[in-house]
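Keep the viewer open as you read.

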Amino acid sequence: MKKFLTMFKVRREEWLAAAFTMVMLLALHALVIARNFDQFTRVNAGHWNVFVNNFTVSGFDPITYSMVTYWEANYNVYRHPLLSFMVWPLSQLNQWLMSATGMNLVQFIVAVPLLLCAFYAFVFMYRIFRDIIRLRRFDSALLSSMLFSMAYVMVSAVVPDHFCVSLFLLVFALYVSGRKLQAGTQFKIWQTVALFFVTAGVTLSNGVKVYLYSLFTNGRKFFRLKYFLFAVILPCALIWVFARWEYRTFVLPKEKARAELRAKKNAEKRQRMFDAFRDTSSVKDSVEARKAFDAEMKRRAQAKYLRDRQKPWNKHTGKPMGEGEFMRWTDATTSRASTAVENLFGESIQLHQDHLLQDTLRSRPVIVPYRWVVNYVVEGVLVLLFVAGVWCGRRSRFLWMALSGFAFDMLLHMGLGFGINEVYIMGAHWLFVVPLAVGFLLRKCYGSRSEAWLRGLLSVLVCWLFGYNLTLFVGYLIQ
């Protein structure tokens, strides 16, 4: 445990760059809190509707605000099986503070772990460049800053969602895995299990990446019966059983109660409408009146269905590849090419000026073009640097380990179409791979004439991303 805690001691050379990032994030948190301070600090004010109706930053959901205000298992239990219980201590703290102060301090309470996760994501990213890729101090700080200059890393770090937590956990897992590769050691069973439960508990896809990292570090030993049984099969089975228990215990009773209440209200409403129809209709026979009423209700239902198909939450969602708990989240029809240009390597890294930080389920179109050509130039340069970095690091087992997680995300989002209509909000799960690959390109240039040119280009890109994204994000928060 002492050795583990020592990893979180910040080195002297890391403080300056990390402090600049922390100051920026503190300022952004202050703006996020100030934006809804009056509504969100009230107690007993219908917290769920207050949060959902007033917190509007892209597609991020303020579920955590609601959970910390009054705890219940509101996260999707199959995608985030342990997250509800991870925020339970914060909820207890907030209950005590509400009774002591008469104010709901949920925004401040949630901001603290987000700041810590963002801070240590920066620190461990810096260590990846310094300890594993072996870059110089300035270059390590520059590329770590590049990560936080990207739009949806910057935004994820200050909104009440799980993405910033996932960013820290994935960068930390990557760093630990990289150090094991360097030392020629493997993950022990208990280490893999602990890392899997923490990461998969936040978001199930994170656990897949932990196993990918373990496969690279442990090699063939990953498939040894003892390791595979106790580090892979058993934890997966346990977390699935727990998710099923969580659903049946906390979610299913509420769903049944809501369904029964909705059915009762619909039956009462339908009866009132039928009575009104009988009073105004010229049809006096009860059987014929019922037939005429049912036909009218069918016509209205069809009209409502057609109207709903034009609403953003339907219109901006592609056709799923199948039915079921997981397949219904897939998307077979949204354009992959346009998504890659405007959203995957577009909005994830540079905000769009039009429909700025709007939600696709409310008002933002799925595909939004940039106003300026320079945005596409920056995007193109970053993609080329990323590809060149992959080429330069093609012999690095560590880079391929990082890319395996990136490939899994691309399969999930661009292949199956999971969350493809707002793929950019998942950027914190994979964007760190871009500066990581560029780090291999920079190291390849050490000692050559192109070193200074590449460093200068990266500095210009980072300054552009910070200036452009901060201007738009701050402008949105203070409007």
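Start at Glu-13, which counts as partly exposed because its relative accessibility is 25%; the class covers what lies between buried, under 20% relative accessible area, and exposed, over 50%, using a 1.4 Å probe and protein chains only. Before going on, some ground rules: this is a predicted model, where local features need pLDDT of at least 70 and side-chain atom pairs count only at pLDDT 80 or more, while totals for chains, interfaces and linings use all residues. Residues are numbered from 1 along each chain as its sequence is written, and side-chain values use heavy atoms, with hydrogens and water left out.

What does Glu-13 pair with? It makes a salt bridge to Arg-130, with the closest N and O atoms 2.8 Å apart (a side-chain nitrogen of Lys or Arg within 4 Å of a carboxyl oxygen of Asp or Glu). That pair ties together distant parts of the chain, 117 residues apart: Glu-13 sits in helix α2 (residues 12–35) and Arg-130 in helix α8 (residues 106–132). Helices here are DSSP runs of H or I, at least four residues, and strands are E runs of at least two, numbered from the N terminus. Arg-130 is partly exposed, because its relative accessible area is 23%.

Glu-13 also forms a salt bridge with Arg-137, where the closest N and O atoms are 3.6 Å apart. This one reaches from helix α2 to helix α9 (residues 137–149), a separation of 124 residues. Arg-137 has 52% relative accessibility, so it counts as exposed.

Now hop over to Arg-364, which bridges to Glu-347 with the closest N and O atoms 3.9 Å apart. Glu-347 belongs to helix α17, while Arg-364 lies in the loop between α17 (336–347) and α18 (373–392), 17 residues away. Both Arg-364 and Glu-347 are buried. There's a salt-bridge network too, linking Arg-11, Glu-14, Arg-127 and Asp-131. The structure holds 12 salt bridges.

Zooming out, the protein has 21 helices and 0 strands. Its radius of gyration is 25 Å, close to the 23 Å from the globule rule for 479 residues, so the protein is as compact as a globular protein of that length; the radius is taken over C-alpha atoms, and the rule is 2.2 Å times the number of residues to the power 0.38. Those C-alpha atoms fill a box of roughly 95 × 55 × 50 Å along the principal axes. Of the 479 residues, 50% count as buried.
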